[in-house]
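Dear colleague,

I am passing on the structure that you asked to look over, with the sequence alongside. Below it you will find notes on what turned up, arranged by topic.

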Amino acid sequence: MLAQFQTFIPPVRTLMGPGPSDVDPRILNALSRPTLGHLDPAFIQLMDEIKQLLQYAFKTDNQLTMPISAPGSAGMESVFVNLLEPGDKVIVCQNGVFGGRMQQNVERCGATAVMVQDTWGKQTDLNKLEDALKATPDAKAVAFVHAETSTGVRNDAKAICALAKRYDCLTIVDAVTSLGGIELDVDGWQIDAIYSGTQKCLSCVPGLSPVSFSQEAVEVIKSRKSKVQSWFLDMELVMGYWGQGGKRAYHHTAPVNSLYALHESLRILHNEGLSSAFLRHQEMHVALKVGLEKIGLEFVVDQAYRLPQLNMVSIPQGVDDAQVRSQLLNEYGLEIGAGLGELAGKVWRIGLMGYGCNKKNVDYCVNALTSVLAR
Ligand SMILES: *Cc1c(COP(=O)(O)O)cnc(C)c1O
């Protein structure tokens, strides 16, 4: 006898961890619309709108702006495999988990990663970066994480890019958690290659990675001596499908319904306006901070460079990390994030991202933590 399998109905949750964040019902609704062929003219029109909306969100005129059909980690990989060739040197700034992943990507391209290390929970130090730039005159690029989700630190993307440009380096930015949550200006800050994700401040379903490449980055890709090691992520091949004009050809089958969802999420962001969205994240962060400090929880990251969308607080002495998080999940359906790496067991990470960044969630989280911690 074959087992009987039931339809999967997910439990009701409020997602206030480091991502995925709660998906707006309008976006879930868009996801369920009938699938089109990936070369259907109506779908191609939607792809063009997605590119325009991404240019708005990234603040760029870059022609090469589109979503990679895979999660943020694939966007990260696409940037490194397209820009780097064996023997290149890249300065990688690390002050958390995701800078370490950049290092691994650089090394897997056969390139050398020159690391600028800073303490987790602190910003990348511009003086250390300048020392590394002076000591590495043949560096091709500077890579860093704008919003370090593992700690809740905002790195000063504008200043890091300005410094890198003074030393003629390309700039590579991880904006997975920053896009839609805090100010980001791809053209204004001279960012050459950037990748993001859909499941953080865009409040879309996971599994897509918006990327954008400057004209200078495109020139670097076009003048490569070796083939991009990844067939799937080779931007010149991807552009045969995502490029401008009528000559679109099959490269891979686009995740059609997920792209309906991304279009809807970007449309919602465009309607709200970037500055209103950033202000909302800031105001909700302040409301959460007031609530959490009232019950004695302390923020780890300095206010001057704290991310509003990722709030890292110390776990009080004598409190059982795993027990509190499982009580929140089982009794309140509330997910908050644990500490990563060296911060495991020491901190909680509370996300206020996109659709989930609202007063109702702030109050729900503060009230749930208040009663669980009172036991
Ligand atoms: C979540 C995240 C990633 C990875 O994105 P996935 O969609 O999980 O692959 C990369 N960088 C940062 C800063 C992130 O927060």
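A salt bridge, as the term is used here, is a side-chain nitrogen of Lys or Arg within 4 Å of a carboxyl oxygen of Asp or Glu. By that criterion Lys165, Asp192 and Glu216 are linked in a network of salt bridges. Please keep in mind throughout that this is a predicted model.

Lys165 is buried, with a relative accessible area of 17%, whereas Glu216, at 41%, counts as partly exposed.

The structure holds 14 salt bridges, and two others deserve a description. One of them joins the side chains of Lys89 and Asp138, at 3.1 Å from N to O. Because Lys89 belongs to strand 3 (residues 89-94) while Asp138 sits in the loop between helix 5 (126-135) and strand 5 (141-145), the pair ties together parts that are 49 residues apart in sequence. Both partners are partly exposed, Lys89 with a relative accessibility of 28% and Asp138 with a relative accessible area of 47%. The other is formed by Glu264 and Arg267, whose closest N and O atoms are 2.9 Å apart. Here both residues lie in helix 9 (residues 256-272), three residues apart, which is about one turn of the helix. Glu264 counts as buried at 10% relative accessibility, and Arg267 as partly exposed at 31%.

Turning to the strands, there is an open sheet of seven, in the order 2-10-9-8-5-3-4 and with mixed pairing. Strand 2 (64-68) and strand 4 (112-117) stand at its edges, and each has a single partner strand, so one side of each is left without a neighbour in the sheet. Neighbouring strands of this sheet are turned against each other by 15° on average, with direction ignored. Strand 2 runs antiparallel to strand 10 (residues 209-213), and five bridges join the two; the bridge partner of Met66 in strand 10 is Val211.

A search of the whole structure finds three aromatic pairs. One of them consists of Tyr241 and Trp242, which are edge-to-face with 6.2 Å from centre to centre and 75° between the planes. Tyr241 is buried at 0% relative accessibility, and Trp242 is buried as well, with a relative accessible area of 1%. Another is made by Tyr332 and Tyr364, whose ring centres are 6.3 Å apart and whose planes stand at 70°, so this pair is also edge-to-face. Tyr332 in helix 11 (residues 321-332) and Tyr364 in helix 12 (residues 359-374) are 32 residues apart, and the pair thus links distant parts of the chain. Tyr332, with a relative accessible area of 23%, is partly exposed, as is Tyr364 at 32%.

An unreviewed UniProt entry carries the annotation "binding site" for Arg349. In the model Arg349 lies in strand 13 (residues 347-351) and counts as buried, at 5% relative accessibility. The side chain of Arg349 reaches the backbone oxygen of Thr149 at 2.7 Å.

How values were computed: Residues are numbered from 1 along each chain as its sequence is written. This is a predicted model: local features need pLDDT of at least 70, side-chain atom pairs count only at pLDDT 80 or more; totals for chains, interfaces and linings use all residues. Side-chain values use heavy atoms; hydrogens and water are left out. Two strands pair if DSSP finds at least two bridges between them. Helices (H or I, at least four residues) and strands (E, at least two) are DSSP runs, numbered from the N terminus. Axes are lines fitted to C-alpha atoms, for helices over the stretch in contact, and angles run from 0 to 180 degrees between N-to-C directions. Rings of Phe, Tyr and Trp (its six-membered ring) pair if their centres lie within 6.5 Å; planes under 30 degrees apart count as stacked, over 60 as edge-to-face and the rest as tilted. Buried means under 20% relative accessible area, exposed over 50%, partly exposed in between (1.4 Å probe, protein chains only). UniProt positions are given in the numbering used here, feature names are shortened, and annotations may be inferred rather than shown by experiment. A polar contact is a pair of N or O atoms within 3.5 Å; within protein, one must be able to donate a hydrogen and the other to accept it, and residues adjacent in sequence count only if both atoms are side-chain atoms.
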